[in-house]
Amino acid sequence: MNRYIKYTLAMLVSLAGFYQTTRAQSFGPKATLNKTSIVIGEQTLLNLSIRFHAKDSIGFPKLADSIGSKIRIVSFKADTAFDKGDASIETINRHYTITAFDSGTYTIPSYAFKMPVGVMQTDSLLLDVKTVAVDTTKAFYDIKQPLIINYTFWDWLRDNWKLVTGILAGLIVGGGVIYYLLKRPKKEVVVEEVKPDIPLHIQVLQKLDEIKNKQLWQHDQVKQYYIELSDVVREYLEKRYKIQAMEQTSEEIFASLRHMDIASEDRNLLRQLLVLADMVKFAKEKPAAHENEKSMENAVAFVKDTQPHTRPTDVNMKEDPAK
């Protein structure tokens, strides 16, 4: 039994050592060629790679645009990968596309990589470049002339479809804008009627005429007649002489007009009207018919006599609408 246990332990130790040896050997740089033999002008890939612990820093050799004097580097690309089973192990690959235009066997030198354990070298490689085999038994032919290719409209359209699409889109948009501008509903121009500036005395005379036409006192509305009549006259005084006639008593109005340029006859006309209006409104006075007519005549006369001297107006108004 002990012999079998010892044998098993020995096998496990041996397998562990083999695994570590194999794993350790897989680290380090490597150089390979996809093709070791090409014809002149043919291309192949030179692959340089290094496998290392990702935590380590390494120094990758820098290649110029040629290897030696005969091998040219056309292009290169690089990629990096991590082991699927161990992400701490990283591999960097650089693939150089190389070619040569002289026949011969050329040595691609080893390249040095700087690693934490020191500088490690790749193996040198041999690239065999062969000439193109020529059948000398056949005659030489002239160089062929360029082929004539029919370049149709559809070929041009395929090559310039973006330009054509842009032009068509611009024409459609421009046409749409022009159509909209031509067909859009036009706003009706509303011309506001300019009302003529009617002089104050004309406005007041019109109002007096309207009161007269109502025939208020003839329909037993004497008080309403004097209210409207005195209000029109007070409004005239307020605008004509810039006094607060609508808020003043009759005596206050007379006091405010004391120094105004008003003839004594017109002052008497105004006093008769306002005093009688106060008597009707506040003392229930019932004037006779001729007094009601006289009050209207006095109001019209006062307005006409005291009207401001303004420039002539072209308003076609009646000269005496209250009569």
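## Exercises on a predicted model

Ile67 is buried, with a relative accessible area of 6%. Keep in mind that this is a predicted model.

**Exercise 1. Find which residues surround Ile67, leaving aside its neighbours within four places in sequence.**

Step 1. Begin with the element: Ile67 sits in strand E4, residues 66-67.
Step 2. Collect the contacts, counting heavy atoms within 4.5 Å. Beyond the sequence neighbours within four places, the partners of Ile67 are Leu46, Ile73, Ile98, Pro109 and Tyr111.
Step 3. Ile67 and Pro109 are 42 residues apart along the chain, and their C-alpha atoms are separated by 8.4 Å.
Step 4. Now step back to the chain: among its contacts with a separation of 6 or more, 60% join residues 24 or more positions apart.

**Exercise 2. Decide whether Ser230 is buried or exposed, and name its contacts outside the local sequence.**

Step 1. Ser230 belongs to helix H5.
Step 2. Its relative accessibility is 1%. The cut-off for buried is under 20%, so Ser230 counts as buried.
Step 3. Setting aside neighbours within four places in sequence, Ser230 touches Leu274, Ala277 and Lys281.
Step 4. For context, buried residues are 29% of the 323 in the chain.

**Exercise 3. Describe how H4 and H8 pack, and which residues meet there.**

Step 1. Two packed helices are described by the angle between their axes and the distance between the axes.
Step 2. For H4 and H8 (residues 289-306), the angle is about 170 degrees and the axes are 10 Å apart.
Step 3. An angle over 145 degrees counts as roughly antiparallel, and H4 and H8 are therefore roughly antiparallel to each other.
Step 4. On the H4 side, the contact uses His201, Val204, Leu205, Leu208, Ile211 and Lys212. On the H8 side, Met296, Ala299, Val300, Val303 and Lys304 take part.
Step 5. Sorted by type, the residues of this contact are 8 nonpolar, 1 polar and 2 charged.

**Exercise 4. Locate the largest cavity and say what lines it.**

Step 1. Rolling a probe the size of a water molecule over the atoms shows where empty space is left.
Step 2. Searching the whole structure gives 1 cavity of 30 Å³ or more. The largest cavity holds about 40 Å³ of space.
Step 3. Its lining consists of Leu200, Gln203, Val204, Lys207, Val232, Glu235, Tyr236 and Lys239.
Step 4. By type, the lining has 4 nonpolar, 1 polar and 3 charged residues. Val204 is part of this lining, and Val204 also takes part in the contact of H4 with H8.

**Exercise 5. Examine the positive phi values of Gln215 and Lys284.**

Step 1. Recall the background: most residues other than glycine have a negative phi.
Step 2. Gln215, although not a glycine, has a positive phi of about 55 degrees. Lys284 has a phi near 55 degrees, also positive.
Step 3. Gln215 lies in the loop between H4 and H5, while Lys284 is in the loop between helix H7 (264-283) and H8.
Step 4. Compare accessibility. Gln215 is partly exposed at 39% relative accessible area, whereas Lys284 counts as exposed at 74%.

Definitions and conventions. Residues numbered from 1 in each chain as written. Predicted model: local features only at pLDDT ≥ 70, side-chain atom pairs only at ≥ 80, totals over all residues. Heavy atoms only, no water. 1 Å grid on protein atoms, 1.4 Å probe; cavity = no way out; pocket = protein on both sides within 12 Å on 5 of 7 lines; lining within 4 Å. Points joined across faces, edges and corners; volume = space filled by probe spheres on them. Nonpolar A, V, L, I, M, F, W, Y, C, P; charged D, E, K, R; others polar. Axes fitted to C-alpha atoms, helices over the stretch in contact; angles between N-to-C directions. Helix = DSSP H or I, 4+ residues; strand = E, 2+ residues; numbered from the N terminus. Parallel < 35°, antiparallel > 145°, perpendicular 65-115°, else oblique. Buried < 20%, exposed > 50% of the residue type's maximum accessible area, 1.4 Å probe, protein only.
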